[in-house]
Amino acid sequence: GQGFDAVTFVTFAEPLLEQARSVLDIPVVSMLESSLLTACSLARRMALITLGDENVMRLREQVERHCLHDRIAGFYPLVPAVTEFDLARAFTRPDPVIDAFLSTARRAVAAGAGVVIPAEGVLNEVLAAAGVKAVEGAPVMDCVAVALAQTEMMVALRRRVGMAVGRRWDNARVPEALKRSFPDIFGPEPE
């Protein structure tokens, strides 16, 4: 475990998630996966809301990899579209972003979503800071809080009952000889 209890990917992109689980023996948690699994405990169907059309295909592919596509009520880009620059301004002027989110979320709930996932990290933070917790009776997930709680739970399960990543079919362990060559490839670990 290199002195850590867990690793949490606090991004919806999930870069190198499977590879990290293959290399590490500590829990490796993803914000997207945590959000999807938590949503399954809250409602039968969920919607993911993202900044624009360009993110929808990536989210579809990721949800498919997590085998949860049947639980999705839809993938919704914000209307009007919001840029990263808009999000940066939203911490001081949140109303335009919140209005776009609420309008989009209402459409998602009307289409059957019982939980709404703001599937972009900064959007999530803007909504959490503004206290947006529900739309039309559907919870709006605080994905950062969920990822951190999932991480804490996975660490507790590992300590209490020895729960660990499955190695039989997924997350095959990286051969030790290859792991030993990592410093030659990537450089030494920082001290």
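This is a predicted model: local features need pLDDT of at least 70, side-chain atom pairs count only at pLDDT 80 or more; totals for chains, interfaces and linings use all residues.
Is Arg89 buried, partly exposed or exposed? At 39% relative accessibility, Arg89 counts as partly exposed.

**The overall picture**

The protein chain has 191 residues, and 42% of them count as buried. Its secondary structure comes to eight helices and seven strands. Taken along the principal axes, the C-alpha atoms fill a box of roughly 55 × 35 × 30 Å.

**Salt bridges**

Side chains of opposite charge can pair when their charged atoms come close. The structure holds eight salt bridges, and the table lists some of them.

| Pair | Closest N and O atoms |
|---|---|
| Arg65 and Glu14 | 3.8 Å |
| Arg65 and Glu18 | 4.0 Å |
| Arg89 and Asp86 | 2.5 Å |

Back to Arg89, then. Its salt bridge partner is Asp86, with the closest N and O atoms 2.5 Å apart. Both residues belong to helix α4, which covers residues 84–90, and they sit three residues apart, about one turn of the helix. Asp86 is partly exposed, with a relative accessible area of 24%.

Other salt bridges share partners: Glu14, Glu18 and Arg65 are joined in this way into one network. What does the pairing of Arg65 with Glu14 tie together? Arg65 forms a salt bridge with Glu14, the closest N and O atoms being 3.8 Å apart. Arg65 lies in helix α3 (residues 53–65) and Glu14 in the loop between β1 (7–9) and α1, so the pair ties together parts that are 51 residues apart in sequence.

Arg65 also forms a salt bridge with Glu18, where the closest N and O atoms are 4.0 Å apart. This pair links distant parts of the chain, with Arg65 in helix α3 and Glu18 in helix α1, 47 residues apart.

How covered are the members of this network? Arg65 is partly exposed, with a relative accessible area of 47%. Glu18 counts as partly exposed too, at 49% relative accessibility. Glu14 has a relative accessible area of 5%, and because buried means under 20%, Glu14 counts as buried.

**Backbone details**

Most residues other than glycine have a negative phi, and most peptide bonds are trans. Against that background, a few places are worth a look on your screen.

Cys67 lies in the loop between α3 and β4. Is Cys67 buried or exposed? Cys67 is exposed, with a relative accessible area of 62%, whereas Glu14 is buried at 5%.

The peptide bond from Val79 to Pro80 is cis, with omega near 0°. You will find Pro80 in the loop between β4 (72–77) and α4.

Thr50 and Pro118 are 68 residues apart in sequence, yet their C-alpha atoms are 6.3 Å apart in space.

**The largest pocket**

The largest pocket holds about 680 Å³ of space. It is lined by 28 residues, and those nearest its centre are Leu17, Arg21, Glu33, Val165 and Asn171. Which element supplies the largest share of the lining? That is α1, with four residues. At least two lining residues each come from α1 (17–23), β2 (28–30), α2 (31–42) and α7 (143–161). By type, the lining divides into 13 nonpolar, seven polar and eight charged residues.

Which residues make the nonpolar surface patch of about 350 Å²? They are Met153, Leu157, Val161 and Met163. Of these, Leu157 has its place in helix α7, an element that also supplies at least two residues of the pocket lining. Leu157 is partly exposed, with a relative accessible area of 30%.

Definitions and conventions:
Residues are numbered from 1 along each chain as its sequence is written. Side-chain values use heavy atoms; hydrogens and water are left out. On a 1 Å grid over the protein atoms alone, a cavity is a set of points where a 1.4 Å probe fits but cannot get out, and a pocket is an open set with protein on both sides within 12 Å along at least five of seven lines; lining residues have an atom within 4 Å of a point. Grid points are joined across faces, edges and corners, and a volume is the space filled by probe spheres set on the points. Ala, Val, Leu, Ile, Met, Phe, Trp, Tyr, Cys and Pro count as nonpolar, Asp, Glu, Lys and Arg as charged, and the others, Gly among them, as polar. Patches are made of residues with over 30% relative accessible area and no salt bridge: like charges are joined within 9 Å, nonpolar side chains (Val, Leu, Ile, Met, Phe, Trp, Tyr) within 5 Å. Accessible areas come from the Shrake-Rupley method with a 1.4 Å probe; for residues, only the protein chains shown count as cover. A salt bridge is a side-chain nitrogen of Lys or Arg within 4 Å of a carboxyl oxygen of Asp or Glu. Buried means under 20% relative accessible area, exposed over 50%, partly exposed in between (1.4 Å probe, protein chains only).
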